[in-house]
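User: I would like a close look at one part of this model. Please keep it brisk and stay with the contact between the chains, then place it in its surroundings.

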Amino acid sequence: MTDQTVNQTPEVHVRVPRYSGSARINHWIVAISFSLLALSGLALFHPSLFSLTALFGGGQMARWLHPWLGILLAMSFFGLFIRFVSQNFPERTDIVWLSRIRYALTPGGEEYLPEVGKYNAGQKFVFWSQAFLILVLLLSGICIWERGLHYLEAAVGFRVSIETMRWAALIHATAAVMTIVVFVIHVYSAFWVRGTIDAMTRGSVSGGWGWRHHRRWLRRKVREGDVERPSNGD
Amino acid sequence: MFPPIPNPDVSVQKPGFGTQDLVRRSASTVPVPTRQLTPVAKLIDVSKCIGCKACQAACLEWNDLREKVGENRGSYDNPEDLTPDSLTVMRFTEWINPETDTLEWLIRKDGCMHCAEPGCLEACPAPGAIVQYSNGIVDFIHENCIGCGYCIKGCPFNIPRISRVDNTAYKCTLCSDRVAVGQGPACQKACPTQAIVFGTKDEMKAWADARIKDLKARGFDKAGLYDPPGVSGTHVMYVLHHADKPHIYASLPDNPRISPLVKAWKGAGKYAGLGVIALSVVAGALHYLTQGPNRVTKKDEEEAEQLAEKQS
């Protein structure tokens with residue numbers, strides 16, 4: 001799709017609120033803890049990345065911090081899960097969207113896709129995979145957390161066999177690689193689809209963004225009167 | 001009797017081996033050493049052990065460790081398991097031999113086996129926290145240890161223990177400091193029955209052969225040497241009177257090897273994992289280069305405005 005205005009930022013007539021302040025704070029707690037977890041986790045995953053532990057004050061500190069960050073991530077992601085789950089249930093149009101995913105990956109290809117609500121099938125994939133992977137990472141992580149297991153054994157007599165720990169280590173590493181790949185997809189999509197990051201910084205998106213990418217959601221927001229109309233542009 | 005190692009010269013001696021003799025170093029590489037040390041081994045003859053625990057006391061003494069006073073759990077094992085302080089522990093098993101219907105008291109001195117292929121070292125993520133010398137000694141270097149406990153997952157013998165005091169892993173060092181100045185390990189020195197002997201690996205194998213012949217002559221026709229090939233042999237070996245079933249000796253593994261799970265995790269897995277992540281980043285970059293950014297157009301903004309106006 002070619003468009004004459006493609007290289008200019010068009011004037012915004014309508015802004016649509018997308019995320020409340022608390023949702024954004026919640027999201028960025030998840031984002032920061034995820035990034036720190038990825039850095040400290042990768043440091044222990046491959047020897048060539050061990051020097052990343054210097055960011056945390058050395059290997060002992062990285063080893064100590066990682067599980068606590070994991071607890072923080074799991075708890076804060078649970079907040080996001082509660083907030084967003086109702087908008088992420090699969091629906092019939094998701095199948096159409098996925099069958100035409102090549103259009104979704106082309107600028108302007110949205111014209112050939114069904115109108116989507118707050119989240120498209122790709123975003124729902126990110127949501128559900130992160131929810132599942134973070135749960136797997138939490139459970140497998142506890143099984144290889146030396147100190148945590150010590151606390152658990154002292155508190156509730158919970159013990160993990162070494163064979164279970166080996167499975168947990170392998171599962172934890174596999175799930176971590178997968179969650180980082182989904183993270184890359186998530187971050188790249190936000191960057192590629194211009195105007196998206198506004199949703200998590202300012203809390204609102206331009207009306208044009210809503211029209212182009214989430215038309216059904218925009219229609220609903222307009223119907224509900226939940227749009228802002230800056231008097232002279234933006 | 002195996003000729004005892006003579007008492008040391010009291011003058012200051014230079015260590016006979018050091019970092020220049022490393023053949024493996026965890027999460028890092030080492031240059032090929034210029035010399036090959038003679039492989040050493042400790043031979044534990046289970047049939048000669050009287051369970052006196054002199055080896056345990058000597059280990060605590062030499063390594064300047066103190067075990068806290070334990071509790072009687074209805075077993076002679078004391079402490080009941082290895083700890084960060086007790087690097088060796090006698091494990092007592094009362095076994096009824098089904099062939100003779102007699103009780104046999106099996107006493108196995110447990111501790112690090114110093115595998116030729118150490119699973120702990122394979123799993124360790126901290127550069128230089130676990131090292132292996134060309135004489136076969138596998139040692140933990142505490143200043144490099146981060147206390148993650150990956151060595152516990154890697155070990156086929158369930159040996160390393162993490163200290164809750166300094167958060168580093170502990171296990172038998174084969175008294176590398178003593179061996180470096182020509183001495184045998186403290187446990188061997190203290191053993192009153194020569195159930196523990198120390199020398200070169202070849203000497204120990206030859207000595208074991210003689211012991212096994214003796215045991216066979218006494219009716220233990222399954223007597224044999226425990227030097228498990230699954231980890232390419234060990235530098236702590238056992239003479240077992242029932243070498244066909246090592247598991248009767250307090251669950252000594254019949255065929256120890258580095259778990260395939262650990263191999264997958266810390267072997268090919270670590271390269272595959274980074275590769276997959278790198279691939280996703282490259283795919284993103286290629287997509288951006290071929291497709292360019294997905295920008296909202298003027299028409300989109302106008303459509304949105306019209307929609308909003310229609311409603312109001």
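How much area do chain A and chain B bury between them, and what share of it is on carbon and sulfur atoms?

Analyst: This is a predicted model. Chain A and chain B bury about 5400 Å² between them. Of that area, 64% is on carbon and sulfur atoms. Three residues of chain A stand out: E146(A), R166(A) and R194(A). They supply 12% of the area that chain A buries against chain B, more than any other three residues. In residue terms, 58 residues of chain A are in contact with 57 residues of chain B.

One helix pair shows part of this contact in detail. Two packed helices are described by the angle between their axes and the distance between the axes. The crossing of α10(A) with α9(B) is right-handed. From α10(A) come L218(A), R219(A), V222(A) and R223(A). In α9(B) they meet A304(B), L307(B), A308(B) and Q311(B). By class, this contact has five nonpolar, one polar and two charged residues.

Now the setting in chain B. The chain is divided into domain 1 (19-259) and domain 2 (267-311). Their C-alpha centres lie 56 Å apart.

Chain B also has two open sheets to look at. One has four strands in the order β9-β2-β11-β10, with mixed pairing. Its edge strands are β9 (196-200) and β10 (224-226), and each pairs on one side only. The twist averages 25 degrees from one strand to the next. Strand β2 (residues 40-45) pairs with β9(B) in the antiparallel sense, over five bridges. Within that pairing, A41(B) stands opposite G199(B). Helix α6 of chain B (residues 201-217) lies across β2, β9, β10 and β11. The helix α6 runs at about 140 degrees to β9(B).

The other sheet has three strands in the order β1-β5-β6, with antiparallel pairing. Here the edges are β1 (22-25) and β6 (138-140) of chain B. In this sheet the twist averages 25 degrees from one strand to the next. Strand β5 (residues 130-133) and β6(B) pair over three bridges. One bridge joins V131(B) to its partner D139(B) in β6(B).

Note on methods
Residues numbered from 1 in each chain as written. Chains lettered and ligands numbered in written order. Predicted model: local features only at pLDDT ≥ 70, side-chain atom pairs only at ≥ 80, totals over all residues. Heavy atoms only, no water. Domains from an automatic or database assignment. Pairing = 2+ DSSP bridges. Axes fitted to C-alpha atoms, helices over the stretch in contact; angles between N-to-C directions. Left-handed = near helix turned anticlockwise from the far one by under 90°. Contact = heavy atoms within 4.5 Å. Nonpolar A, V, L, I, M, F, W, Y, C, P; charged D, E, K, R; others polar. Buried area = accessible area lost by both parts, 1.4 Å probe.
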